[in-house]
Amino acid sequence: MKKNVIIILIVAMLFSVLTACGKDQNVDSNNTENETEKPVEVAEGEISAMGLGTKVSTMSSKDAKDGKAASAQSDVTIAAVAFDSDGKIVDIKLDVAQSKASFNEDNLGAQVEGIELKTKKELGDDYQMRGASAIEKEWFEQAEAFEKYAIGKTSDEIVTMPTKAIDDYNPNCPDVPELESSCTIDVGDFLIAVQKAWENSKEANGATELKLSIESNIDSKPAKDGKDAMIQIDTNMVCLALDSDGKIVASEFDTVQSKLSVTEEGIVEGKFDDVKTKKELGDDYQMRGASPIEKEWFEQVEAFENYSKNKTLDEIINMPTKALDDYHPTCPDVPELESSCTIDVGDFLSLLNKIK
């Protein structure tokens, strides 16, 4: 009998405690914000790797027609991407260097001095897409919306995202609810660049910040000795992963050289849908034979990347340099690079200074 009474008392006490706890919980929910209704905050993964990817085309260059001079155009789509240890995108920076120049009306030369070359993001509102946009958003706003959409996804998820054709000129526009009111531009080249960034990714453990810097310059040569007039557009780029002290954990430098010529009849030659960067060209860039250290361009730039590791931007920007000749005024002058990198690094230093 005593045992039964004791059991009943214990059950009653437990019921009382549980009821009290339930009351306290209800009081909290009435007087403070209910925690279960808050959106779950998912912590972003730490940067484990970073990569640089490009998609380059010169197909928008135009032949002379209807009184208009022939023109050269290089479209360089660039993706700098930071990934966590699961391959998910932690940070991403997208941009396009769209560089244009016209040949002379006689097709014997080009005047390219004074042309200011900015990326689409750098142009901002001056790109003037807002008026033509169905959602009344500028290019940089739509690119930033796509970047936000990509965070937390793998490169495969981005590359295989649903797309749709708006017209013949925009065959790969986002077809996902999240971007319906924020990004309607064609993202086909973004997808290719992101995939390449993943394929080219390198270890970047300890990095806390991703940086991208882009600069383009343009030069021309007149028709001479049986050779057609030419316009050359060079786009230099660097992707950096920096730690909390501002030191370089990993870097990717690369250059696109777009060369276009025009015949006397005004036909532009050199139009390709898939122009390779100097790194992508590898041995086909054919520098090894002309190099005093017999190394190809990609090998020398990789040596420069290794040299940059664990240094600050200032340390690289202010590194000793020397002129080898009139065409190479800014070559490394440090013992560590004497046998591995003798190319001119002036454009690289300019990229770093732009980030700073």
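E280 and K196 form a salt bridge (a Lys or Arg side-chain nitrogen within 4 Å of an Asp or Glu carboxyl oxygen), with their closest N and O atoms 3.0 Å apart. E280 sits in helix α6 (residues 278–281) and K196 in helix α5, so the pair ties together parts that are 84 residues apart in sequence. Bear in mind that this is a predicted model, where local features need pLDDT of at least 70, side-chain atom pairs count only at pLDDT 80 or more, and totals for chains, interfaces and linings use all residues. Residues are numbered from 1 along each chain as its sequence is written, and side-chain values use heavy atoms, leaving out hydrogens and water.

**Salt bridges**
- K196 counts as buried at 18% relative accessibility, while E280 is partly exposed at 31%; buried means under 20% relative accessible area, exposed over 50%, and partly exposed in between (1.4 Å probe, protein chains only).
- The count comes to 19 salt bridges, and K202, E252, K279 and E305 are linked in a network of them.
- E116 pairs with K118 at 3.8 Å between the closest N and O atoms; E116 is exposed at 62%, and K118 is partly exposed at 33%.

**Sheet**
- Four strands make an open, antiparallel sheet in the order β3-β2-β1-β6; strands (E, at least two residues) and helices (H or I, at least four) are DSSP runs numbered from the N terminus, and two strands pair if DSSP finds at least two bridges between them.
- The edges belong to β3 (89–102) and β6 (202–203), each with a single partner strand, so one side of each has no neighbour in the sheet.
- Nine bridges join β1 (residues 49–57) to β2 (residues 71–83) in the antiparallel sense, and G53 faces A79 in β2.

**Helix α3**
- The buried residues of α3 include W139, F146 and Y149.
- Cover for the buried residues of α3 comes from elements including β3, α2 (120–123), α4 (155–159) and α5 (188–199).
- After α3 comes G152, with a positive phi near 90°.

**Cores**
- In the largest nonpolar core, which has 26 residues, I89, F146, I158, L179 and F190 touch the most other members; such a core is a set of buried Ala, Val, Leu, Ile, Met, Phe, Trp, Tyr and Cys residues joined through side-chain atoms within 4.5 Å.
- β2, β3, α3 and α5 each give two or more residues to this core, and the largest share, six residues, comes from α3.
- Leaving aside residues up to four places away in sequence, L179 touches A145, F146, Y149, M161 and P174 (contact means heavy atoms within 4.5 Å).
- A second, separate core of 25 residues includes V301, I317, I343 and L351.
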